Amino acid sequence: MLRRSTLQRAWPAEGATRVPYWVYQDEDVYREEQERIWRGAAWSYLCLEAELPEPQSFITTFVGDMPVVVTRDANGALHAWENRCAHRGALVCMEARGKAERFACIYHNWVYDHEGNLATVAFRRGIAGKGGLPADSKPETQAPKKLRVASLHGLVFGTLSPSAPSLEDYIGPDILPRIRRVMKKPVKVLGTYTQILPNNWKLYMDNVKDTYHASLLHLFFTRFRINRLTQKGGVFVSKDGAHHCTFTEMVEDTGDAYEKDGMRSAGSSKDFRLENPELLEQADEFGDRVSIQILSLFPGFVLHQIRNSLAARQVVPKGVERTELHWTLFGFEDDDPAMQRRRILQANLVGPAGYISMEDGAATGFVQRGVAASADRASVIEMGGSTIGSSDSRVTETAVRGLWQTWRRYMDL
Amino acid sequence: MEPQLQLVVEHLHARYAHALDADRLEEWPQFFTEHGTYRITTAENEERGLPLPVLYAEGRAMLRDRVASLRHANIYEPQRYRHLVSSVLVERTGEHTATSRANFLVVRIMQNSESLLFASGRYLDRIALAPEPRYEERVVICDSRAFDTLLAIPL
């Protein structure tokens, strides 16, 4: 059992259909989240296995505020541990990625192995019988924390919790097949970048799970009829509400629901076409005619397939009002040149300059700024009612309600 | 160094920067040859030999599509850039071709007057000198892997 929350806050009486704005603003909420969620019983995405291609390779990342080293040892096993020296707390590993036999803290040359064990202490016995650590000294008591690591179809996750369920059980049977669908063979990294979001991390996860916004905020979608809510699609939500997956099938939408409702994003489909539409050409590589699949795992992981663009997005909170979104775009090892070209052209759809994703950082930042004086007010999350579960309609906020149900469970609020 | 060639290339860079900073986006594709390419990437991806672009356009039609989308589809807070382009090294590669390496800084100015050093990096260009000087290829290598909020206006 978690201890009672120390937060002096009460959730609005409406329950699942309201999210009070203090959740995005309070320093104490942020601190509590670090402990209960990021360093608690949640599994966090760490990297792709493809980023640790050989024995003795490593990559550095974050789980919430905690700096983490992820390694593959000489025998090929994966490990993750806190990037903090047992001695004085300095970063043990300064480089973003690479290969190493050992990890030596630069400060006083305390050395760690790939499992994060303290291997040697410089001058532990002093020099010429003088100095050094006392015989009964146990600096290992302050050793870097070790994470449980699990790899799922090439995606590497970690948790500090010894009692968290297995990664498969954590994700659950509704969402697992949708991960397997994308991660169907060995991947190769195409590149990475970071988008800095001027908002609380949960506003980004809200946004990802909000199937209602996609075709209303992102006009590129509707202008080119890539994703309209009138197209066939749906949303899966895991039983506990924590994870979601939404998809859209490839059909040319010739209806005019947006035009009838006078939507800002309504079309000009007749007079607004791309001069060079090669960018939108999709090969049905998964054989199921799904053109877009957006999948999220609590607390901060997103796996996307947007046409032939594939990516892992990792959410890294950087304080109450700042979030880093680490994008890793990938293809498959056996991609032919035509597929590689598609993925490169469709890189234009995503990321900070993405035709259909650039607005997300702006919109969530607008919420952060809009609610500045309204900690006592709440957002209204009633699209599709008040239930949490899978739906064949995307005009619903069911997955957003699932996020908050989960968050409240972790936070005991 | 050929002083005349240096001036021609620096003039091209200067006109390009002023067009973007003055929100004359419609002129932007005209700085490229018909099949000219434009690619924004990061120093990290470039050093790792990874092909991922942040933004990529091949030919003027794709460049015009980017402008059309910025004008008619994408939504972003009003903002301007100020480009500073310097340290231009030009090399002649043929009678009508040259390459250029230059540094850039881009300050982003929001409507609330907040100014941010938005990007720094290098332009690596292949330039066709005739009939008009234009970019056959412009590669924008950003020093940082991080982009604040979004990258709408081209660099």
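The centres of domain 1 and domain 2 of chain A, taken over C-alpha atoms, are separated by 35 Å. Domain 1 of chain A covers residues 44-152, and domain 2 of chain A covers residues 172-411. The model is predicted.

**Contact between the domains**
- Domain 1 of chain A brings 9 residues to the contact, and domain 2 of chain A brings 13 residues.
- On the side of domain 1 of chain A that touches domain 2 of chain A, strand β2 (residues 44-48) of chain A gives the most, with 3 residues.
- That side of domain 1 of chain A has 5 nonpolar, 2 polar and 2 charged residues.

**A:Leu152**
- A:Leu152 is part of strand β10 of chain A, which spans residues 146-152.
- A:Leu152 counts as buried because it has 20 C-beta neighbours inside 10 Å.
- Leaving aside residues up to four places away in sequence, A:Leu152 touches A:Phe157, A:Leu167 and A:Ile179.
- From A:Leu152 to A:Gly384 the separation is 232 residues in sequence and 32 Å in space, C-alpha to C-alpha.

**Helix α4 of chain A**
- Helix α4 (residues 201-209) of chain A is mostly covered, with 9 of its 9 residues buried.
- Among the buried residues of α4(A) are A:Trp201, A:Leu203, A:Tyr204 and A:Met205.
- A:Lys202, A:Asp206 and A:Lys209 in α4(A) are also buried.

**Helix α8 of chain A**
- Helix α8 of chain A spans residues 337-346, and its A:Arg342, A:Arg343, A:Ile344, A:Leu345 and A:Gln346 are buried.
- The cover over the buried residues of α8(A) includes β12 (187-197), β17 (309-317) and β18 (323-332) of chain A.
- Strand β2 (55-58) of chain B is also included in the cover over the buried residues of α8(A).

Conventions
Residues are numbered from 1 along each chain as its sequence is written. Chains are lettered from A and ligands numbered from 1 in the order in which they are written. This is a predicted model: local features need pLDDT of at least 70, side-chain atom pairs count only at pLDDT 80 or more; totals for chains, interfaces and linings use all residues. Helices (H or I, at least four residues) and strands (E, at least two) are DSSP runs, numbered from the N terminus. A residue is buried if 20 or more other C-beta atoms lie within 10 Å of its own, exposed if 12 or fewer, and partly exposed in between; C-beta atoms are placed from the backbone. Two residues are in contact if their C-beta atoms, placed from the backbone, lie within 7 Å. Domain bounds come from an automatic or database domain assignment. Ala, Val, Leu, Ile, Met, Phe, Trp, Tyr, Cys and Pro count as nonpolar, Asp, Glu, Lys and Arg as charged, and the others, Gly among them, as polar.
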